[in-house]
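Hi,

Here is the structure I promised to pass on.

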Amino acid sequence: MDKREILDILKNIIVDKLDLNLKFKDIDDKASLLDDGLSLDSISMAEFVELVESEFSIQILDDDLDTDTFGSLEGVCYLVQRMLESIKEEA
């Protein structure tokens, strides 16, 4: 799965499953999930993490929940891509 596909799935999760009143086209790939970007609160962030885990069949560890990774949509994309590649290599 390439970066574009993962970013689109992440955006669809935000648009379709989180109650944030956002449109797909309005979400920039580099959008911050915190602060001035999408401004996810702690509840929305927890829900987002659960949805990402479910969608990609991965488990995000507590050590991965840092602001460098979850500070932006691209950061989450790289984490998902790395985890999917790791799973593929183990198979």
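Let me start with serine 39, which sits in the loop between α1 and α2; helices here are DSSP runs (H or I, at least four residues; strands are E, at least two), numbered from the N terminus. Please keep in mind that this is a predicted model, in which local features need pLDDT of at least 70, side-chain atom pairs count only at pLDDT 80 or more, and totals for chains, interfaces and linings use all residues. Residues are numbered from 1 along each chain as its sequence is written, and side-chain values use heavy atoms, leaving out hydrogens and water.

Serine 39 is not a glycine, yet its phi is positive, at about 55°. Its relative accessible area of 43% makes it partly exposed (buried is under 20%, exposed over 50%, partly exposed in between, with a 1.4 Å probe and protein chains only).

The loop between α1 (3–17) and α2 also holds asparagine 21, another residue other than glycine with a positive phi, near 55°. Asparagine 21 is exposed, with 79% relative accessible area.

Serine 72, in the loop between α3 and α4 (73–90), is buried because its relative accessibility is 18%. Leaving aside residues up to four places away in sequence, serine 72 touches Lys30, Ala31, Ser32 and Leu33 (contact means heavy atoms within 4.5 Å).

Finally, aspartate 66 lies in the loop between α2 (42–56) and α3 (67–70) and is partly exposed, at 32% relative accessible area.

Enjoy exploring!

Best wishes
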